[in-house]
Amino acid sequence: MKKILMLAAAFLLTASISSVADPLKVGFIYVGPTGDHGWTYEHDQGRIALEAALGDQIETSFVESVPEGADSERVLTQMALSGHDLIYTTSFGYMDPTINVAQKFPDVKFEHATGYKQADNVATYSARFYEGRAVIGHIAGRVTQSNVIGYIASFPIPEVIRGINSAYLHAKAVNPDVEMKIVWVFSWFDPAKEADAAQALIDQGADILMQHTDSPAAMNIAEDAGIFAFGQASDMSKFGPNAHLTAIINNWGPYYVERTNAVIDGTWTSGDTWDGIGAEMVKMGPMSDKIPAEVQQEAQALIAAIANGDYHPFTGPISRQDGSAWLNDGEIADDGTLLGMNFYVEGIEGDIPQ
Amino acid sequence: MRDVEFLGINPAVFLSTMVVAAMPVLLAAMGELIVEKSGVLNLGVEGLMIIGAVCGFIVSVETGSPVAGLLGALLAGAILAGIFGLLTQYFHASQVATGLALTLFGLGLSALLGQSYTGIRPPDFSIPNFGVLSELPVIGILLFSYDFLVYFSLALVVGIWWFLNHSRTGLALRAIGENHNAAHSLGYHVIRVRLVAILFGGACGGLGGAYLALIRVPQWTEGMTAGAGWIALALVVFGSWRPFRVVLGAFLFGGVTLLQLNLQALGIAINPAYLSMTPYIVTIAALVVISGMGSHASLRAPACLGKPFDATK
């Protein structure tokens with residue numbers, strides 16, 4: 001038994017020594033399939049962009065459809081053991097597994113998407129999706145006829161709640177009668193359930209759908225029902241050529257190139273990156289001609305104002321759902337509050353599931 | 001009459017959506033029911049469904065005909081199930097392990113096959129025209145608003161019930177599932193009957209998957225069955241191996257999920273977590289009640305379920 005262990009140790013040692021000369025091994029773990037045409041698809045596009053940019057200097061691999069929780073810890077351990085030098089963990093639920101595995105492998109660098117826990121070898125990154133939500137909220141508020149916006153939400157985490165608030169505030173700003181109906185499906189990826197949720201919202205009068213889930217199922221349902229919807233994470237126009245108004249597109253490639261280069265140069269340090277439309281981590285898809293020209297102009301102006309920093313989507317006065325003041329007139333929300341956001345803003349009906 | 005609403009939900013619209021929502025698992029569960037009645041446990045339903053979904057999708061896109069797609073799905077499901085049958089019935093591989101492998105294989109293979117088919121719309125399914133019948137209030141939506149596959153599936157349920165209870169072959173199939181040695185000594189071809197049952201189960205699973213990809217969602221996305229195959233397996237147990245109870249279970253599962261989403265859209269404050277767990281609680285409760293009724297007859301798994309048969313022993 002001892003012999004075997006020593007052999008194994010020797011093997012691991014040589015493996016790690018030889019990896020110094022080899023290309024940098026970069027691993028990705030995904031919560032959904034790369035073909036989801038949403039969240040995971042865009043992360044994989046980022047990985048492909050990384051390969052294109054750095055070529056022979058790196059070698060990438062990925063594991064897809066890894067459930068959040070204990071399974072992901074196993075996959076991460078396996079990745080670290082197999083000589084990966086840098087691992088991107090691309091879903092919120094990988095947060096604790098990433099921290100746990102990072103403790104055991106101090107020489108491996110980890111980059112965790114959308115989380116808030118860091119370590120010496122764990123950096124976090126996310127995109128200010130709420131900036132894109134502000135734009136689609138504005139468009140929805142101007143385009144809706146029934147004044148009911150349907151919102152398919154995944155899990156009640158700050159990321160999702162922030163998106164709902166941002167979309168609602170900007171729809172309300174241009175349309176005081178607007179109402180937002182929210183359905184929580186408690187899944188990131190379940191096309192059948194997403195389709196059912198879309199149908200339920202349509203039955204309740206919604207004529208525009210937004211989603212914070214990963215599949216384009218709702219887009220299909222919207223197309224069939226003759227209503228509008230927005231692409232999520234990725235351009236989904238081919239799923240609903242008439243329904244698709246525009247999309248919030250996650251653009252991870254530049255970040256992956258920058259951070260991977262930093263590891264190669266030896267300049268990588270832990271930290272937190274939270275970029276938005278300005279840094280092009282969030283991009284808006286092409287606007288459909290179903291959006292009236294003046295609304296398109298307003299939306300472009302909003303995008304420009306957010307990009308150059310003139311406007312922050314969470315600028316006071318804003319009250320919480322219970323009526324208590326959150327931001328005073330002109331006050332801008334700080335990132336800490338945004339990152340931990342666990343309340344609806346005033347005007348949204350219903351409770352956040354606990 | 002038409003606009004009668006209950007809590008803001010139109011019951012007729014709700015029920016008809018529920019029927020459609022239940023179809024994929026219903027079809028798969030019906031197939032698995034026959035398989036289990038013959039004494040074979042195939043845990044690969046998820047794999048059969050996803051292969052049916054992708055093959056049905058590919059065939060219908062390539063031919064432009066939804067019906068051809070359904071046939072393709074039937075065939076693909078049967079072929080995949082045939083591999084399972086070959087391994088478990090002739091090579092005596094473990095049914096549990098082979099079934100699980102079938103699921104993993106199906107998920108992987110479907111992702112490979114479907115790679116260039118994401119983002120395409122399949123040809124539309126036409127809803128049969130019932131003329132004035134579908135104009136009738138309530139009844140029109142409730143009974144005459146579906147695609148033909150719904151009617152076919154419900155007919156299939158009745159057919160399966162009749163087959164299992166009133167046909168010689170059906171009784172033979174049940175006998176094989178209850179005691180394969182006795183059935184063998186009576187001259188029944190245990191392996192052959194089981195193989196046919198497995199192929200039938202595969203075809204039904206494939207059809208269920210195709211319903212999802214061609215009618216209900218309708219699109220191809222990797223992993224789109226998202227656990228429906230496992231629910232189908234649970235439904236067979238829930239329905240205590242009886243066709244009509246399985247249908248009831250399928251409607252219940254579909255209905256509770258839909259109700260949960262509809263109530264949320266209405267803004268009724270029930271924590272969705274409770275509603276999400278309801279189908280499973282109902283299953284457990286039903287199992288407890290059924291087995292609590294005591295008699296042998298109620299909760300009756302086929303006695304030879306999952307046991308390998310070897311005529312030479």
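1. Conventions. This is a predicted model, in which local features need pLDDT of at least 70 and side-chain atom pairs count only at pLDDT 80 or more, while totals for chains, interfaces and linings use all residues. Residues are numbered from 1 along each chain as its sequence is written, chains are lettered from A and ligands numbered from 1 in the order in which they are written, and side-chain values use heavy atoms, with hydrogens and water left out.

2. Confidence. Chain B has a mean pLDDT of 86, with 90% of its residues at 70 or more; within chain B, confidence is lowest in helix α12 (residues 272-292), at a mean of 70, and highest in helix α2 (residues 45-63), at 96. Where pLDDT is low, the predicted coordinates should not be read in detail.

3. Helix α3 of chain A. Helices (H or I, at least four residues) and strands (E, at least two) are DSSP runs, numbered from the N terminus. Helix α3(A), residues 70-81, has 12 residues and reaches 17 Å from its first C-alpha to its last, close to the 16 Å expected at 1.5 Å a residue, where the expected span is 1.5 Å times one less than the number of residues. α3(A) is followed by A:Gly83, whose phi is positive, near 90°.

4. Which residues of α3(A) are buried? They are A:Ser72, A:Val75, A:Leu76, A:Met79 and A:Ala80; buried means under 20% relative accessible area, exposed over 50%, and partly exposed in between (1.4 Å probe, protein chains only). Seen down the axis of α3(A), these buried residues fall within an arc of 135°, so they line one face of the helix, the arc being that of the directions from the helix axis to the C-beta atoms. They pack against β1, β2, β3, α4 and β4 of chain A, whereas the face turned away from the buried side carries the exposed residues A:Ala70, A:Arg74 and A:Gln78.

5. Aromatic pairs. A search of the whole structure finds 23 aromatic pairs over all chains; rings of Phe, Tyr and Trp (its six-membered ring) pair if their centres lie within 6.5 Å, and planes under 30 degrees apart count as stacked, over 60 as edge-to-face and the rest as tilted. A:Tyr88 and A:Tyr256 form a tilted pair, 4.4 Å centre to centre with 50° between the planes. A:Tyr88 lies in strand β3 and A:Tyr256 in helix α9 of chain A, so the pair ties together parts that are 168 residues apart in sequence. A:Tyr88 and A:Tyr256 both belong to a cluster linked by ring pairs, whose members include A:Phe28, A:Trp39 and A:Trp252.

6. A glycine in chain B. B:Gly99 has its place in helix α4 (residues 95-113) of chain B and is buried, with a relative accessible area of 0%. Leaving aside residues up to four places away in sequence, B:Gly99 touches B:Asn42, B:Leu43, B:Gly44 and B:Phe84. B:Gly99 and B:Leu41 are 58 residues apart in sequence and 7.9 Å apart in space, C-alpha to C-alpha.

Terms used:
Contact means heavy atoms within 4.5 Å. pLDDT is the predictor's confidence in each residue, from 0 to 100.
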